[in-house]
Amino acid sequence: QGMLTKAWEEFHSARTWKLIEPDEVLFTVMIKACAKNSEAERALNIWDDMKMCGLYPTDITYGELIHAMSTSPDLAHKAFDFYRHMQAEDLPISE
């Protein structure tokens, strides 16, 4: 838990004070952190933030979003939405 807190602090510090815009990879890493910590709502917020920055999710991003949604009974249905997004964008679906 301590390393996760440190990761969030660094993520926010980079964006706020260092004026560094994260790329798709960094956003995906933070979504993965949400999935590992069962924070589906936070993952959705990061995904929205990513889109507002004009970035597009990769197949790996979608995979992590699906994983994050599966950790929440209230948001699990969104996993299927993300799966459909992947299909519509013709992204590879790995197992």
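In which helix do K6 and E10 both lie, and how many residues apart are they? Both lie in helix α1, 4 residues apart, or about one turn of the helix. The model behind this is predicted, so to speak of local features takes a pLDDT of at least 70, and side-chain atom pairs count only at pLDDT 80 or more, while totals for chains, interfaces and linings use all residues. Residues are numbered from 1 along each chain as its sequence is written, and side-chain values use heavy atoms, with hydrogens and water left out.

Helix α1 covers residues 2–16; helices here are DSSP runs (H or I, at least four residues), numbered from the N terminus. The expected span is 1.5 Å times one less than the number of residues.

Turning to what α1 hides and shows, L4, W8, F11, A14 and R15 are its buried residues. Buried stands for under 20% relative accessible area, exposed for over 50%, and partly exposed for anything in between (1.4 Å probe, protein chains only). Looking down the axis of α1, these buried residues fall within an arc of 130°, so they line one face of the helix; the arc is taken from the directions from the helix axis to the C-beta atoms. On the face turned away from that buried side sit the exposed residues G2 and M3. The cover over the buried residues of α1 includes α2 (24–36) and α3 (40–52), with contact taken as heavy atoms within 4.5 Å.

Next come the charged pairs. Side chains of opposite charge can pair when their charged atoms come close. With a salt bridge taken as a side-chain nitrogen of Lys or Arg within 4 Å of a carboxyl oxygen of Asp or Glu, the count comes to 4. One of them joins K6 to E10, with the closest N and O atoms 3.2 Å apart. K6 is partly exposed at 42% relative accessibility, and E10 is partly exposed too, at 37%.

Another salt bridge links D48 and K51 at 3.8 Å, N to O. These two residues both lie in helix α3, 3 residues apart, about one turn of the helix. D48 is partly exposed at 34%, and K51 is partly exposed at 40%.

Helix α5 (residues 77–88) holds D81 and R84, which are 3 residues apart and therefore separated by about one helical turn. Their side chains meet in a salt bridge of 2.7 Å, N to O. D81 is partly exposed at 29%, and R84 counts as partly exposed at 46%.
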